[in-house]
Amino acid sequence: MGPDQPLPLPVEFSDADTYVDSLLKFATSSWLLQILCGGIHILDFFTRSSDLYSSLLPQEWRDWFKDRDIMDILDLLMREDLNQFDTINLEPLTQYESQNPSWRGGPLPPDTLVQFLNDVRKHLLNRRFPPPNSGSSEQKSTIARHVAVGMKVKKVHEVDNFARYVDKLTSDIAVARNREITHLVDFGSGQNYLGRALAARPYCKHIVAVESKQHNIEGAKNMDVLAKLVKKKKIMRNKKAYRASHLESSGTDDKCDSNGCEKVPKVYESEKAPEMQFEESSNKDKVSESDKPKTITTTLQVYSDGHGSVQYVEHRIQGGNLSPVIEQIIDTSVVNSSDQQEQSSIIEEPNNPQFLPKSTEPNLMVISLHSCGNLVHHGLRSLLINPSVSAVAMVGCCYNLVTERLGPPTYKLPSLRPEHHRLVSTSRTFDPHGFPMSDRLATYPLSDHPNIDSDNYPNVTSCTGVRLNITARMMAVQAPQNWGHEDSDLFFTRHFYRALLQRIFLDRGVVSPPIDSGGVFGGSGSARSDSAIEGDEGTTPLTIGTLRRFCYDNFVSYVRGALAKLTSPNTFCSVDPTFIASKMDGLTDEDILGYEERYRDRKKELSVMWSLMAFCAGVVEAIVVVDRWLWLKEQEEVETAWVEPVFEYSMSPRNLVVVGIKR
């Protein structure tokens, strides 16, 4: 069961253990890799008195980048066959002196650059789909058009391929264990696109859709109706009595609080669905017992298209314990009974959901399509915590939302940026459910780490653990292999505008220039201490977020749009809007254009740096995924575990599924 290799290995490696050893050694010993993966931030680009670009990259690299088009650079990083340069360099030099060896009409890239790119590439997981030697081939979508309601092309591709993968995996498990998987538990089901496809034909699975947000559940149930998989609920009402009830006493109650009184419409029992009544009582319990996660079974949807079903459960997952959900799983034999098949409609639960027959021996597989942050960790842990869970198959995303387990390092990490409030706060979470999961990474020895501060930390043998700060994890969600000319130019421009605005903030006193450990001035977006809410290690960062599209037409529009957002009365920024407005008062359009003209030539340098950061962040994603696989391998209860691509990287870059099968 599973692929030949438990990891989608690069071609340079033939076994997973050798690859993991090399990956961890490279990630903890390469100074340049660690700088590019979390040691710099794009906001520092124009604020440092020591130029970031020249401080980091060798002169020969900068000379070569200067005369190359940015798309040629991206091709060299991600797509060009680097073996061609080895072939040229191995030839006798005299043979090529007269021919002036070149690449795309220019000089060859420096040998040191090619070597670094090779080192990074050989540690990137193979994302090719279908995986080599898998015997699989690309197939046309099997999702019916009415089932795909609400899905865009990307979502159709993801759901179609992952649903097919889950169906095959459950069949393989059933053959190997001689026991069927009775239910698929979808972590963070959202609008239930995946569950809907698996419950409908041709799969007809029984889905337990676990979602923490009630409005997502209601939206998913409406989608079931739009997809014509369930019948729309009919409400029989006496119209005259209904209108009369709304006219009595103006149909409102006075609700008063510290802000005064307001009219609140009455809620009539005839309009309330039974599951909503149960939800209301549960929410009251939540207020009194806020420390307990609420678990509400809302509705069992029996699909008319096939014999599948979806049971929606409102529950906030914590630590992988699914016992509150498992206790409510309804016996699927009820769903498959002849009378239920004839109805092919919604089965509404009464106020007390225990009236419905529950499954006595469910055999579950936990699945997830793009679970954010620690949700994948909770899903993997559910395999050990819950006896009813026999397997997990989870596709993760949003690595920036993963928390940190180990705390700040006791050694000096390579960095060209000062201490930043967010870096410090996220590194001190000490979350037992955070990264790294595996003991292998948590205890990985760093005694030979070239950047250990032996003067301040003489006991170097205590320096252990692989750490990834939030900047590195945020970069890991990039997809540079998919960058084209137009889209890359757009976000290069956006990054240039934001970094240049940071320089304006610095010059006008909105942000202060913190001093890093080397005594170099330069900030990464912290407001001055005379206005911001100060913490232990810094001040409140200035976060702008996304602006309206027209703000990116030119730099003047961008600055005006950003200032309008930061200085509005309802701004989400923690810094006093009046302080920002006072500092930026008098900034003319001519001043803004002057900044753009002065730094225009350095836009390409910023683009090169961002490209290198995104390219190297593929190693960060490999570390995160390998850590999850290693954790499964370390558990005695797990018989086998593997990682493999489940859809096209070009369609959906976070395409790796982590699978674990219990003994």
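A residue is called buried at under 20% relative accessible area, exposed at over 50%, and partly exposed in between (1.4 Å probe, protein chains only). The model is predicted, so local features need pLDDT of at least 70 and side-chain atom pairs count only at pLDDT 80 or more, while totals for chains, interfaces and linings use all residues. Residues are numbered from 1 along each chain as its sequence is written, and side-chain values use heavy atoms, with hydrogens and water left out.

The structure holds 24 salt bridges, a salt bridge being a side-chain nitrogen of Lys or Arg within 4 Å of a carboxyl oxygen of Asp or Glu. Three of them are listed here.

| Salt bridge | N to O distance |
|---|---|
| Arg602 and Asp51 | 2.3 Å |
| Lys154 and Glu158 | 2.6 Å |
| Glu597 and Arg600 | 3.3 Å |

Arg602 and Asp51 form a salt bridge. This pair links distant parts of the chain, 551 residues apart: Arg602 is in the loop between α24 (589–599) and α25 (603–634), and Asp51 in the loop between α2 (31–39) and α3 (52–56). Helices are DSSP runs (H or I, at least four residues), numbered from the N terminus. Arg602 is partly exposed, at 21% relative accessible area, and Asp51 is partly exposed as well, at 22%.

Lys154 and Glu158 both belong to helix α9 (residues 153–177), four residues apart, or about one turn of the helix. Lys154 is partly exposed, at 40%, whereas Glu158 is buried, at 0%.

Helix α5 (residues 70–78) is mostly covered, with nine of its nine residues buried. Among them are Asp72 and Asp75. Salt bridges that share partners join Asp72, Asp75, Arg68, Arg79, Glu80 and Arg104 into one network.

Conventions: Helix = DSSP H or I, 4+ residues; strand = E, 2+ residues; numbered from the N terminus.
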